[in-house]
Amino acid sequence: MNSLSLVDGPFSDDFFPFSLMRSVADIRCGILTIREKWNKYLKNEPGVPGGLSIPSNIIPDPALIRSLSENNPENYFQQSGNLVNIVDIIHYNDREIRNDFLLITKDRSSQPISSTNKLTGSSIFLEPGAVVEHCFLNATNGPIYIGKDTILMEGSMIRGPFAIGEKGVVKMGAKIYGATSAGPYCVLGGEIKNSVIFGYSSKAHDGYLGDSVIGEWCNLGAGSSNSNIKNTGGSIKLWNPLNKSFVDGGLKCGLMMGDYSRSAINTSFSTGTVLGTCCHVFGNGPTPPYLPPFSWGSGANVYAFEKAMQHINKWKKLKGMKLSQEEIKQLKNIFDMEKQFK
């Protein structure tokens with residue numbers, strides 16, 4: 001495969017809180033992360049020149065790959081979609097699920113789909129080991145992709161475009177609308193619409209999640225819901241503490257939940273809420289529209305670092321994993337910089 005450097009730049013701050021723990025290239029939009037998309041496109045493209053350095057917020061597509069193969073890299077900004085800020089993760093998700101579906105399933109056949117299911121449309125792909133019984137899968141408006149060893153429990157209702165990564169679970173009676181995508185080891189339940197869930201996170205119970213982005217290792221307690229539209233129907237603004245400015249969220253924008261954050265049961269998130277990394281959210285009434293990293297409760301107190309690491313390790317143990325030293329180092333850097341986010 002050709003060598004390629006995906007380089008972060010000043011635009012990384014526009015992806016708060018998700019860029020605190022990762023390169024922008026490792027943000028998920030569609031089925032794959034940006035880095036995974038590049039790797040798949042370039043795997044069998046010997047005509048693409050090596051040694052390229054490309055901004056990490058550039059999303060590749062066939063037109064871009066052709067441009068690079070023709071040695072026209074100066075055109076790649078114009079011939080591909082590039083993420084501008086966190087809201088674009090949900091704005092581009094519909095398109096990217098469709099593109100990634102074609103990329104992943106090209107020249108491959110789906111695992112046979114059980115006759116117990118009610119199917120509409122033909123763009124439905126099950127990876128080996130996926131278990132799907134007594135579900136409603138409607139791919140009329142977009143493809144449906146079910147990852148390896150993933151389970152869709154009976155009564156799940158899915159409207160594409162939709163994707164879930166390997167070893168995920170969709171709980172009984174879940175109602176999921178497109179465009180929604182979830183990474184590996186996610187647990188989905190209740191009502192979800194037009195949202196991106198990065199991986200290893202759980203929205204397992206009743207409650208509404210709409211027009212939202214959820215980082216890795218997050219958990220939404222039973223009954224937690226977010227608003228995604230103002231009662232006035234007006235434009236939604238999201239606070240970015242790194243840029244000290246508001247991001248235009250458009251007319252529909254829900255919850256932006258940083259990695260390792262969790263909410264107690266029946267938590268109500270206001271329209272356009274932004275949670276920093278490692279927040280433990282609980283309290284009466286709607287949450288504030290912004291909580292800095294390591295917030296405890298409704299943001300008045302700081303989540304003690306050692307306690308936070310203990311809790312994260314317990315959550316990781318549930319999936320047979322544990323915190324790495326690199327993750328702890330990154331989280332400690334964020335904790336030490338916490339005052340700059342206020």
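Me: In which loop is the place of proline 49?
Reply: The model is predicted, so local features need pLDDT of at least 70 and side-chain atom pairs count only at pLDDT 80 or more, while totals for chains, interfaces and linings use all residues. Residues are numbered from 1 along each chain as its sequence is written, and side-chain values use heavy atoms, with hydrogens and water left out. Helices (DSSP runs of H or I, at least four residues) and strands (runs of E, at least two) are numbered from the N terminus, and in these terms proline 49 sits in the loop between α1 (34–43) and β2 (52–55).

Me: Which residues does proline 49 touch, not counting residues up to four places away in sequence?
Reply: Proline 49 counts as partly exposed, because its relative accessibility is 27%, a class that lies between buried (under 20% relative accessible area) and exposed (over 50%), with a 1.4 Å probe and protein chains only. Where contact means heavy atoms within 4.5 Å, and with residues up to four places away in sequence not counted, proline 49 touches Leu68 and Asn71.

Me: How many Å separate the C-alpha atoms of proline 289 and proline 17?
Reply: Proline 289 lies in the loop between β30 (280–281) and β31 (290–291), and it counts as exposed because its relative accessibility is 51%. Leaving out residues up to four places away in sequence, proline 289 touches Gly272, Thr273 and Val274. Proline 17 is 272 residues away from proline 289 along the chain, and the separation of their C-alpha atoms is 14 Å.

Me: Is aspartate 259 buried or exposed?
Reply: Aspartate 259 is found in the loop between β26 (255–257) and β27 (262–263). Apart from neighbours within four places in sequence, its contacts include Phe18, Arg22, Glu216 and Cys218. Because its relative accessible area is 1%, aspartate 259 is buried.

Me: In which strand is asparagine 219 found?
Reply: Asparagine 219 counts as buried, because its relative accessibility is 16%. With residues up to four places away in sequence not counted, asparagine 219 touches Ser202, Met257, Ser261, Arg262, Ser263 and Trp315. The strand that holds asparagine 219 covers residues 219–220 and is β22.

Me: How many Å away from the sulfur of cysteine 186 is the nearest cysteine sulfur?
Reply: A disulfide is a pair of cysteine sulfur atoms within 2.5 Å, and the structure holds zero disulfides. Cysteine 186 is in no disulfide, and the nearest cysteine sulfur, which belongs to cysteine 218, is at 9.4 Å.

Me: How many residues does the largest nonpolar core have?
Reply: A nonpolar core is a set of buried Ala, Val, Leu, Ile, Met, Phe, Trp, Tyr and Cys residues joined through side-chain atoms within 4.5 Å. In the largest one, the residues with the most contacts inside it are Trp38, Ile89, Leu238, Met256, Phe294 and Leu331, and the number of residues is 52.

Me: What is the angle at which helix α5 and helix α6 pack?
Reply: Two packed helices are described by the angle between their axes and the distance between the axes. These axes are lines fitted to C-alpha atoms, for helices over the stretch in contact, and angles run from 0 to 180 degrees between N-to-C directions. Helix α5 (residues 305–317) and helix α6 (residues 325–336) have their axes 11 Å apart, and they pack at an angle of about 140°.
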